[in-house]
Amino acid sequence: MCLTGVDYFSTLGYQPGIAFLAAGLLSPLATVVLVLLTLFGALPVYRRVAQESPHGQGSIAMLERLLPRWRGKVFVLALLGFALTDFIITITLSAADASAHVVENPHVPAFLHGQELWITLGLIALLGGVFLKGFKEAIGVAVALVSVYLTLNVVVIAVSAAHVLENGHVVTDWTRALTVEHGNIALMIAVSLTLFPKLALGMSGFETGVAVMPHVQGAPDDDPVRPAVRIRNTKRLLTTAAVMMSTFLICSSLVTTLLIPPAEFEEGGQANGRALAFLAHRYLGDVFGTAYDVSTILILWFAGASAMAGMLNLIPRYLPRYGMAPEWAGAIRPLVCVLTGTAFLITWIFDADVNAQGGAYATGVLVLMTSASVAVALAAHKAQQRGWTIAFTVISVVFVYTTLDNIWERPDGVKIGACFIAAIVAVSLLSRTRRSLELRTTDIEYDAKAEAFIRDCARRTLRLVAHDPEHHDVGAYRAKVRKIVEAHGIPDPGDLLFVEVVVEDYSDFESRVVVSGSVAHKEYRVLTVHAATIPNALAAVLLDLRDRTSVRPHMYFEWTEGSPVAQMVRFLLFGAGEVAPLTREVIRRAEPDPRRRPHVHAG
């Protein structure tokens, strides 16, 4: 909870100020609306996400299962783009806000003023160093920081509340000003309902709460597929964090609105972006205020830890599996270096400006929440749970409205998200193209009849003929045998084994290859191979047969008609194309010794 909480709870460092700038005197009412959406919208959605996706893939995996083939892959890449927008901006924005707290402390040396960019870069580098050291160390740091920070916030809010009680006129002044400005309570509530999208940053942290789910304690006898205890504990984590944060949000918004002059919230004011820190210095002195600043700086710095943990969990689950990232992307330390470098770049582009990054942050958070609410609504509909389907559909509509309103108010957020998506798609396609000639096979399994065919032929010579499974009439087999015998001078056509590859999900990068044997038309022995691509599957089978039988097999192809460029595109997208040269190239790359490579014949 503390690891996800460094993101969620750290918003107390700036959320009260954002709320006042967005809603003015209505800030407490708008915050109540935000809390209601959190407890009765986001929380039920992510409790259901935890139940449906108990291994940390989150709502992205739920939606992936609903969309087949390339549509699902492209949709996941788009959501990953917004997820990375959310997570990366969490790191850069929080570090930038921490640097702002550094320079605004009255005891900080003057030479640090104006150096926010370099302070932010140093904080990001330090965060990356923690994850290079180890994940357990990151969790230990998170527990200490969150415990201290929440304790100090309790003190600040309690002391501030005491001052409100001692000076009861601040409440009557506030209510009087509200009445003058908005008239009646109905109008105040109506305005608050329109303002809460601007406070949406107060809901950040739910997606990372699910992303770190593999680190939540389960039970030794948990079902590996549906770990019931882990699911229950994750729901408890999400609920506890949401209730705690909701309490802090309402209390902090109330005391800051009542006790801080409106001018101090504006840019250049002492409470701008640091409302609770302002109250800590005013009512508890500079010593306590500095301690609070230090705690705020540390938790804002470490808020990126939950985002980093989320990316370290999400990226290896998708991009390498799609072939859209190098294999090293599944290793933690190289990935930490890449993500830290990306955070450096974003910080430099935005010059460590908190406000400039706020739109992108909110957009990333809201798009992920919207996708999660849609995913659970579809899951409930599939499970024929009519009540939950209606409830989650209503929540989805609210989140769609909130997201569109945020994009309308701050279009820069969706532009930045689009840049992330474009970068991910470009890098992914480049990586997939470069890795397309790998074997791409996780395992090969033969049925009993296939093994019998192979044992029989291996006693003489393994001769396999590539054949299109769509041409399964007896004439097609006879014509293929005649062409192969005439072109290659095969002495005994009875030794030929037909190999037919059935392409299943061609958008998959790696697949488990299943080989089954059958006899076509009571005469022709056929090995049917189920895989994601034709050339890679044939190459994997040939190499596997060589290792199983200690015989170098022969494979016979017919040339495919058509443009080589068009055939290469067919291979990249649909797993087919010009099979003969591609199969040979996959074998060449997989087996460096020419003397051990299976023979490939084309004619």
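Good morning, colleagues. Please keep in mind that the model before you is a predicted one.

I shall begin with helix 3, which covers residues 27-52 and contains Thr38. Is Thr38 buried or exposed? Its relative accessibility is 1%, and Thr38 therefore counts as buried, since the cut-off for that class is under 20%. Leaving aside residues up to four places away in sequence, Thr38 touches Tyr8, Leu43, Pro44, Met203, Phe206, Ala242 and Ser246.

Helix 3 also takes part in a feature of the surface. There, Val32, Leu36, Phe40 and Ile250 make up a nonpolar patch, and together they have about 350 Å² of accessible area. Helix 3 supplies the largest share of this patch, namely three residues. Ile250, for its part, is located in helix 11, residues 228-259. With a relative accessibility of 31%, Ile250 counts as partly exposed, because that class lies between the limits of 20% and 50%.

I turn now to the strands. Strand 6 comprises residues 554-557; His554 and Tyr556 point one way from it, Met555 and Phe557 point the other way, and all are buried. Which strands pair with strand 6? Strand 2, residues 463-466, runs parallel to strand 6 and is joined to it by three bridges. Strand 7, residues 599-602, is likewise parallel to strand 6, with four bridges between them.

Val465 has Tyr556 as its bridge partner in strand 6, while in strand 7 His601 stands opposite Tyr556.

Thank you for your attention.

Note on methods:
Residues numbered from 1 in each chain as written. Predicted model: local features only at pLDDT ≥ 70, side-chain atom pairs only at ≥ 80, totals over all residues. Heavy atoms only, no water. Helix = DSSP H or I, 4+ residues; strand = E, 2+ residues; numbered from the N terminus. Buried < 20%, exposed > 50% of the residue type's maximum accessible area, 1.4 Å probe, protein only. Contact = heavy atoms within 4.5 Å. Pairing = 2+ DSSP bridges. Patch = residues over 30% accessible without salt bridge, like charges linked within 9 Å, V, L, I, M, F, W, Y side chains within 5 Å. Areas by Shrake-Rupley, 256 points an atom, 1.4 Å probe, with all protein chains shown as cover. Salt bridge = Lys/Arg side-chain N within 4 Å of Asp/Glu carboxyl O.
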